[in-house]
Amino acid sequence: MQKPLVAGNWKMNGLAASLEQIDLIGAGIDDALRAQVDVMICPPSILVAQAVRKANESSVLIGGQDCHAMASGAHTGDVSAEMLKDAGASAVIVGHSERRADHGETDVVVKAKAEAALRAGLIAIICIGETRAQREAGSTLGIVGSQLAGSVPPGTAGQIVIAYEPVWAIGTGLVPSVADVAEVHAFVRTQLEASHGAEGAKMRILYGGSVKSSNARALMSVPHVNGALVGGASLMAADFLGIVGAYR
Ligand code: PEP
């Protein structure tokens, strides 16, 4: 059995003062809950080192939101996986749909970033998911399958986490039906087993897209849903703890 992971993606939100939310999250997780679920916050890269210092006092893991594929070099404004690791991060999100859409990141780019994460000793949280048009065209599984084939490097269950995030559900309040989530997660599991064998059978597959405390329990109970990637509801500790508490 995988230990579930609930990871919060702050996106381009938060200032130093927001880090007190990490204290509050840490304080809201008792030993019993800590035994059930891993909890992570991915703040903007400029806050990662400070967040790690905060999180060291609690059980909250800290991750980055993106990394460059190279370890260092002439890439103004970019952050490498090695830099995130050096700052104390445990993981990095790659291939988020906002990166794919806003920065033209292809599966090839996402795979290179995931490989960089593994090289640096970080967990790669690799995001996949279909757009509304693709779902309406009935091509969800085809899209998800090709993103998996193109974005996920070889690796172990300890190194790779998949986040299935339907693009149309991100930040919209729209959530797929439990049956739709079950269908895609079962498909992702089958694909991972085919590509990564026994490790693929153990990899955590997160659901992301408008997860809230009110729907977390139902979504987290779906077979092959091994946690959540949470955007908006991760910004405030009370909201986020309501989601983590689904594993209590
Ligand atoms: C996300 O951006 O990864 C996400 C799931 O956002 P939200 O929870 O706000 O839909």
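First, the ground rules. This is a predicted model, where local features need pLDDT of at least 70, side-chain atom pairs count only at pLDDT 80 or more, and totals for chains, interfaces and linings use all residues. Residues are numbered from 1 along each chain as its sequence is written, and side-chain values use heavy atoms, with hydrogens and water left out.

Start with the helices. Helix α8 spans residues 140–151, and helix α9 spans residues 178–202. Helices here are DSSP runs of H or I, at least four residues; strands are runs of E, at least two; both are numbered from the N terminus. The axes of α8 and α9 come within 10 Å and cross at roughly 35°. Axes are lines fitted to C-alpha atoms, for helices over the stretch in contact, and angles run from 0 to 180 degrees between N-to-C directions.

Who touches whom? Contact means heavy atoms within 4.5 Å. From α8 come T140, L141, V144, G145 and L148; from α9 come E183, V184, F187, V188, Q191 and L192.

Next, R204, in strand β7 (residues 204–208). R204 is buried, at 11% relative accessible area. Buried means under 20%, exposed over 50%, partly exposed in between, using a 1.4 Å probe and protein chains only. A polar atom of the R204 side chain sits 2.9 Å from the backbone oxygen of K3.

Last, the angles. Most residues other than glycine have a negative phi. K11 has a positive phi of about 55°. K11 lies in the loop between β1 (5–9) and α1 (20–27). H224 also has a positive phi, near 70°. H224 is partly exposed, at 32% relative accessibility.

How values were computed. Polar contact = N/O pair within 3.5 Å; in protein donor to acceptor, adjacent residues only side chain to side chain.
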